[in-house]
Amino acid sequence: MKTFHIEIHGIVQGVGFRPFIYKLAKSLQLYGWILNSESGVHIHFNTNENLLPKLVDKIKKEAPKLSVITSVKVEEVPFVSYSTFEIKESTSKESPSLLITPDFGMCEDCNSELFSEENNRYQYPFITCTNCGPRYSIINSLPYDRETTTMDSFSMCNHCNNEYHDPLNRRYYSQTNSCPNCRIELSYIENGTLQENFTDLDYIVEQWKQGKIISIKGIGGYLITCDASNKETVSRLRTLKGRPTKPFALMYPDVSSIEKDAKLSKIEKRELEKPAAPIVILKVKNSSSIPQNEIAPNLDCLGVMLPYTPLYQLLLSKFNKPIIATSGNLSNSSIIYEDSKAINDLTKLSDGILLNNRDIVIPQDDSVVKFSEKNNQKIIIRRSRGLAPTYINKDIKVNSETILSMGAMLKSTFTLLNKENIYISQYLGNTDHYDAEVNFKNTLSHFKNLFQPNLDMVLVDKHPNYFSSRFGKELAEKQKIPFIEIQHHKAHFLAVLGENNLMNSSEKILGVIWDGTGYGDDGSIWGGEFFTYENKVVKGEAHFDEFQFILGDKMPKEPRISLFSLAFDCCEERFYKDKFTSTELNIYKNLFQKEDNIKCSSIGRLFDGVASLLLNIDKQSFEGEAAMQLESLALRYFKTNDYNKEDSYINGNRIPPNFRQYLLKELTLDISNEVNKDKIAAKFHLTLVHYIELIATKLKIRKLAFSGGVFQNQCLIEILHFWKGKGFELYFHKDLSPNDECISFGQLMYYLKDK
Ligand SMILES: [Zn+2]
Ligand SMILES: [Zn+2]
């Protein structure tokens, strides 16, 4: 008999790991102990050398389903004679190096208890267990224990306490444990009157039925809800939120009710039901009974999720219809998570507010995911609740440096490399807005509290005016550590290489990096880039033909300006003239005469311009709106038509000189000839893929990696996959979004490539 120390790293806290080991020890009559530390889980077992490998194997195989084991270290330690197996108090001596457990949607066991009249938690809106409930959103410090979460202020009743200490109970060591006796309390505000100890959920349902808008505190923050089938209410919410067209997400009572309104594949269903419970974007059915034009104007899809907390589950099962469930915030601000701010701000947007007295430490929006239809490729649109902040990729070689990378601006995130773990924050909003800036700072200081990192280096985007770049440089100066500026699209490229473990590839890889805007090495605006990666060197090979970048922020908001800039030197005026007043036109023309204009190669702006040309979408209220509509036209065309090479605007195997002017001329020619718009949109998408193919062929490269917001476009991805048969290998993002959310991770990968 010897004593062994087993140290397990990964997502091993808040997932029922200690009870699992305890039960295992009891069943095998092993003695020793287990504890949570700042680095993971530590176990001492008395056993003999022959049995040890089997035991370790059993731990790996039978580990709780929400856990992720990244490493197991085993070593013999001096023999101690144990006579029991016990769970010891957690220790925290060092700064933590733990992976953080994300928030989990309600599990099936809790769901069945919730609706079982005999159960003492029957209809209790905060039922949880070791397999479900909030984690990341309620953690104040590490290791994960009740005292380090916002559950600390609730003391357990005898019943709960007994469960908590009973090794055979599924709430053994469940830190979020509570019941109606020792409950988390709801309260409700209407017309300035606060009702404490509120239990009447039927009243909320009644309010929905009457067309009222109710804000509800959930896991990552407040959601604004209302009856999704009530046209007038949905329109009223749009007006109140100052959100003219951006789609609203929906929450459905169950899968079968989703299937009435939207097409649902097996893989989409599985995604909806995962513990992360994200919003999944689905194609709407023609027979759908909801007011599509109020919910997702001009689009043929819906963002849908299932009730991921017991409170939502109870309300939805009573209402039995879908509700709008959109982030509770004022236009362009971050999701509200503090009660005082909710009372202050959400009163303007809702008729009632349903609060509860469990604090949220860190706000998160709902995550958003979609799948390409023809090949089921997962596309992450927003990585937040349930998915952030831990990133696990065992193949990425990290070093022992502590590095903070600051990301970009529109879809900001930061990434921290600390003690060989990679943390990528949830989506933090557009830091061009003050609110998101505050959110960014708060989340970063929360991470500093959690991990107490000793930073060695800060990585920032090259853009001098990004908040994240300025803030990162300030931070570096304050701490007297170096910072490095990394070009935006190179960070994109390294992000997709990192995710696909291609950083050490000896074969040349072509990076196709297409997005809205990013500050280029030459001071111009990039966004239609082709890079190669070979022997750890990123080299610019080609880019989309430049056009003038005018009017700064106005350009992405007004696709007509992109059209004007794309077309003015190559198309007849009639294709854009009517979109402007004569004064505007004169001003813009004069602007173009200036010699020091910034140039851009942005494919995002190309999409905008083409959408303005073809669909007359001249202004957009959110980034990507125009591109999404262009995409849905093309998708509709390809439903009944093949991907014909002849439909590409490029003839043969040569990219026409001045491709931009050529493409615009071809598009306007088709419009003059009254070619069907779906077909023109389809031809445009095919041409872009053809363009990529020709560049790859010319450079004799077979491995292609894609990043940038443009690659949220399902149609492009499907054509690319179709085309894969021709000896190309295609790499896309997997667990991260192709949009600027991946920049902070890419900055880190760019830095690490040379290490
Ligand atoms: Zn549960
Ligand atoms: Zn209780």
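Helix α16 (residues 559–567) packs against helix α17 (residues 582–593) at an angle of about 50°, and the two axes are 11 Å apart. Helices here are DSSP runs of H or I with at least four residues, strands are runs of E with at least two, and both are numbered from the N terminus. The axes are lines fitted to C-alpha atoms, for helices over the stretch in contact, with angles running from 0 to 180 degrees between N-to-C directions. That angle makes α16 oblique to α17; under 35 degrees would count as roughly parallel, over 145 as roughly antiparallel, 65 to 115 as roughly perpendicular, and the rest is oblique. The crossing is right-handed, a label used if the near helix is turned clockwise from the far one by less than a right angle, with anticlockwise giving left-handed.

Before going on, please note that this is a predicted model, in which local features need pLDDT of at least 70 and side-chain atom pairs count only at pLDDT 80 or more, while totals for chains, interfaces and linings use all residues. Residues are numbered from 1 along each chain as its sequence is written, chains are lettered from A and ligands numbered from 1 in the order in which they are written, and side-chain values use heavy atoms, leaving out hydrogens and water.

Which residues bring the two helices together? Arg 560, Ile 561, Phe 564 and Ser 565 of α16 meet Glu 584, Leu 585, Tyr 588, Lys 589 and Phe 592 of α17, where contact means heavy atoms within 4.5 Å. Helix α16 is largely enclosed by the rest of the structure, because 9 of its 9 residues are buried. Buried means under 20% relative accessible area, exposed means over 50%, and partly exposed lies in between (1.4 Å probe, protein chains only). The cover over α16 includes β26 (547–549), α15 (554–557), α17, α18 (603–615), α19 (625–640) and α20 (659–672).

**The zinc sites**

Next come the metals. Donors are N, O and S atoms within 2.8 Å of the metal (3.2 Å for Na, K and Ca); water is not among the atoms, so sites may look incomplete.

| Zinc ion | Protein donors | Distance from the zinc ion |
|---|---|---|
| Ligand 1 | Cys 107 (SG), Cys 110 (SG), Cys 129 (SG), Cys 132 (SG) | 2.3 Å |
| Ligand 2 | Cys 157 (SG), Cys 160 (SG), Cys 179 (SG), Cys 182 (SG) | 2.2 to 2.3 Å |

Around the zinc ion (ligand 1), the 4 donor atoms make angles of 102 to 119°, and the site is tetrahedral. Four donors count as tetrahedral if all angles lie between 85 and 135 degrees; four are square planar and six octahedral if opposite donors are over 155 degrees apart and all others between 65 and 115, and anything else is irregular. The donor residues of ligand 1 are spaced C-x2-C-x18-C-x2-C in sequence. Among them, Cys 110 in helix α3 (residues 108–114) and Cys 129 in the loop between α3 and α4 (158–165) link distant parts of the chain, 19 residues apart. Both Cys 110 and Cys 129 are buried.

The zinc ion (ligand 2) is also held by 4 donor atoms, and its arrangement is tetrahedral because they subtend angles of 101 to 122°. Its donors follow the spacing C-x2-C-x18-C-x2-C along the chain. Here Cys 157, in the loop between α3 and α4, and Cys 179, in the loop between α4 and β6 (186–190), join distant parts of the chain, 22 residues apart. Cys 157 is buried, and Cys 179 is too.

**Two buried side chains**

Gln 313 sits in helix α10 (residues 310–319) and counts as buried because its relative accessibility is 13%. Apart from residues up to four places away in sequence, Gln 313 touches Met 106, Asn 111, Leu 114, Phe 115, Pro 253 and Pro 307. Helix α10 has 8 of its 10 residues buried, so the rest of the structure largely encloses it. After α10 comes Asn 320, with a positive phi near 60°.

Ile 695 belongs to helix α21 (residues 677–698). With 9% relative accessibility, Ile 695 counts as buried. Leaving out neighbours within four places in sequence, Ile 695 is in contact with Leu 510, Phe 530, Ala 542 and Ile 655.

**Backbone details**

Most residues other than glycine have a negative phi, and most peptide bonds are trans. A cis peptide bond joins Leu 142 to Pro 143, with omega about -5°, and another joins Ala 388 to Pro 389, with omega about 5°. Tyr 173 is not a glycine, yet has a positive phi of about 60°; this residue lies in the loop between α4 and β6.
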